[in-house]
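The sequence and structure are shown first.

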Amino acid sequence: MSTASVSFRPGAVLADLLPASRVRDIALVVGGAALTGLAAQIAVPVPGSPVPVTGQTFAALLVAAAFGARRGFLSLALYALVGAAGVPWFANGTSGAGGASFGYVLGMLLAATVVGALARRGADRSVLRTAGAMVLGSALIYAVGVPYLALSTGMSFGAAVAAGLTPFLIGDALKAALAMGLLPATWKLLGRA
């Protein structure tokens, strides 16, 4: 089957363009976890917040869209479990499940499942649909991360929103814009191959 015919098959995600095998799926899951861990090291502190701006959420949502719900979830689950077990690949080289930002990692599991499922329905093939998937994925990350931040630090919910959501909206908009260009462009490029 040619790449062009696979690229437009309903229900396909970018990872499906690779020859199917268990080795492929394992490599994708491990690679997705590693990419997320690497992107988490791009961290910029936010004054007044225990949560830095990172490339982690961008990588997590990109992995989900490119791999689909199952492989995306497994990649983020591996990332979370290995980081919780002590591998220092959370933001700023941290690890463990007790940190104030661990809720965002848990939110990425939910977001990966939803964004991956949407990508299987073609949400990664146009700019507007990709934008919608990325916004929804980010909202799901915050829906878990912000309450976890409040509980783990003793902040009020309002303070957690001010410290763990508001300062990140511009960065998330930029990450979504990057994904909006990257994913549909990749499909178009592969469709012409």
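## Valine 114

Setting aside neighbours within four places in sequence, valine 114 is in contact with Leu136 and Leu140, where contact means heavy atoms within 4.5 Å. Valine 114 lies in helix α5; helices (H or I, at least four residues) and strands (E, at least two) are DSSP runs numbered from the N terminus. With a relative accessibility of 26%, valine 114 counts as partly exposed. On this scale buried means under 20% relative accessible area, exposed over 50%, and partly exposed in between, with a 1.4 Å probe and protein chains only. The C-alpha atoms of valine 114 and alanine 185 are separated by 21 Å, and the two residues are 71 residues apart along the chain.

## Basis of the model

This is a predicted model, in which local features need pLDDT of at least 70 and side-chain atom pairs count only at pLDDT 80 or more, while totals for chains, interfaces and linings use all residues. Residues are numbered from 1 along each chain as its sequence is written, and side-chain values use heavy atoms, with hydrogens and water left out.

Valine 146 lies in helix α6 and is buried, with a relative accessible area of 3%. Beyond its neighbours within four places in sequence, valine 146 is in contact with Tyr104, Phe157, Ala160, Val161, Gly164 and Leu165. Valine 146 and phenylalanine 157 are 11 residues apart in sequence, and their C-alpha atoms are 7.7 Å apart in space.

Threonine 36 belongs to helix α2 (residues 22-40). Its relative accessibility is 0%, so threonine 36 counts as buried. Apart from neighbours within four places in sequence, threonine 36 is in contact with Gln56, Ala59, Ala60, Val63, Leu76 and Tyr79.

## Aromatic pairs

A pair of aromatic rings is described by the distance of the centres and the angle of the planes. Rings of Phe, Tyr and Trp (its six-membered ring) pair if their centres lie within 6.5 Å; planes under 30 degrees apart count as stacked, over 60 as edge-to-face and the rest as tilted. By this rule there are five aromatic pairs. The ring centres of tyrosine 79 and phenylalanine 90 are 5.2 Å apart and the planes stand at 70 degrees, so this pair is edge-to-face. The pair links distant parts of the chain, with tyrosine 79 in helix α4 (residues 69-84) and phenylalanine 90, 11 residues away, in the loop between α4 and α5 (102-120). Tyrosine 79 is buried at a relative accessible area of 0%, and phenylalanine 90 is buried at 6%.

Phenylalanine 90 also pairs with phenylalanine 102: the centres are 5.8 Å apart and the planes are at 50 degrees, so the pair is tilted. This pair too links distant parts of the chain, joining the loop between α4 and α5 to helix α5 across 12 residues. Both phenylalanine 90 and phenylalanine 102 are buried. Ring pairs link Tyr79, Trp89, Phe90, Phe102 and Tyr148 into a cluster.

## A charge over a ring

The charged end of arginine 125 sits over the ring of tryptophan 187, 3.8 Å from its centre. The term applies if NZ of Lys or CZ of Arg is within 6 Å of the ring centre and within 35 degrees of the ring normal.

## The largest pocket

On a 1 Å grid over the protein atoms alone, a cavity is a set of points where a 1.4 Å probe fits but cannot get out, and a pocket is an open set with protein on both sides within 12 Å along at least five of seven lines; lining residues have an atom within 4 Å of a point. The largest pocket has a volume of about 390 Å³, a volume being the space filled by probe spheres set on grid points joined across faces, edges and corners.

The largest pocket is lined by 27 residues, of which Val51, Pro52, Gln56, Ala91 and Ser101 lie nearest its centre. At least two lining residues come from each of β2 (53-54), α3 (56-67), α5, α6 (127-153) and α8 (169-192). Helix α5 supplies the largest share, four residues. By class, the lining of the largest pocket divides into 14 nonpolar, 11 polar and two charged residues; Ala, Val, Leu, Ile, Met, Phe, Trp, Tyr, Cys and Pro count as nonpolar, Asp, Glu, Lys and Arg as charged, and the others, Gly among them, as polar.

## The cavity and lysine 175

The structure holds one cavity of 30 Å³ or more, and the largest cavity contains about 50 Å³ of space. Thr57, Phe58, Leu61, Met134, Ser138, Asp172, Lys175 and Ala176 line the largest cavity. The elements giving two or more residues to this lining are α3, α6 and α8. The lining of the largest cavity has four nonpolar, two polar and two charged residues.

Lysine 175 is located in helix α8 and, at 18% relative accessibility, counts as buried. Not counting residues up to four places away in sequence, lysine 175 touches Thr54, Thr57 and Phe58.
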